[in-house]
Amino acid sequence: QGGTLFIERTRRQDTGRITRTATQALRDGDCLCIFPEGTTTDGTEVRQFKTSLLQPPINAGAMLWPLSIHYPLPNGGINTAIAYWADVTMMQSLKEVLKQHQIKVELRFGTPLSTKGQDRRTLARQSREIIVALLDHPPHKVPEKPGGLQAASH
């Protein structure tokens, strides 16, 4: 009902379906939010972008607006406790979110990029560089377990 397009990451050929659907949505005037990392993290790193996810804006001739989502703590750190990633279950994530007294979210917008005449590898590199600069994260090592939570059983 929210218009979310989900890709089946285990089916490599599902990328074609998503590309066609997202391209048509953009041509129809919809706005899409693409998470080009193709996965979630604890928010302390920006992984490499999946270039295929940037093909729909190129096909539709749409502008690409790099945007970062940041969850800062009052002390300047990153709120990793609310991250839904790794082996964290949806229920564990929801409990962590509900335990928070306040969650601050910062959206930082970069300079839009034209997709005309661009290839997706170049756009992936350019947009990732912009997002990394917007986040301005210090160097770090990613923790093995998110937010101190125990890993979900399989």
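Which residues make up the largest nonpolar core? The legends below answer this and describe further views of a predicted model.

**View 1. The largest nonpolar core of the protein chain.** This core has 10 residues: Val46, Phe49, Leu54, Ile58, Leu64, Leu113, Leu123, Ala124, Ile131 and Leu135. Helix α4 (residues 120–135) gives the most to this core, namely 4 residues. A nonpolar core is a set of buried Ala, Val, Leu, Ile, Met, Phe, Trp, Tyr and Cys residues joined through side-chain atoms within 4.5 Å; buried means under 20% relative accessible area, with a 1.4 Å probe and protein chains only.

**View 2. The contacts of isoleucine 131.** Leaving out residues up to four places away in sequence, isoleucine 131 touches Val46, Phe49, Pro66, Leu67 and Ser68. Contact means heavy atoms within 4.5 Å.

**View 3. The surroundings of glutamate 37.** Glutamate 37 lies in the loop between α1 (14–27) and α2 (55–60); helices are DSSP runs (H or I) of at least four residues, numbered from the N terminus. Glutamate 37 is buried but has no salt bridge, a term that requires a side-chain nitrogen of Lys or Arg within 4 Å of a carboxyl oxygen of Asp or Glu. The nearest side chain of opposite charge, arginine 47, is 5.7 Å away. The backbone nitrogen of arginine 47, however, lies 2.5 Å from a polar atom of the glutamate 37 side chain.

**Notes.** Residues are numbered from 1 along each chain as its sequence is written, and side-chain values use heavy atoms, without hydrogens and water. Local features need pLDDT of at least 70 and side-chain atom pairs count only at pLDDT 80 or more, whereas totals for chains, interfaces and linings use all residues.

Conventions: Helices (H or I, at least four residues) and strands (E, at least two) are DSSP runs, numbered from the N terminus. Buried means under 20% relative accessible area, exposed over 50%, partly exposed in between (1.4 Å probe, protein chains only). Lys and Arg count as positive and Asp and Glu as negative; His and the chain ends are not counted. A polar contact is a pair of N or O atoms within 3.5 Å; within protein, one must be able to donate a hydrogen and the other to accept it, and residues adjacent in sequence count only if both atoms are side-chain atoms.
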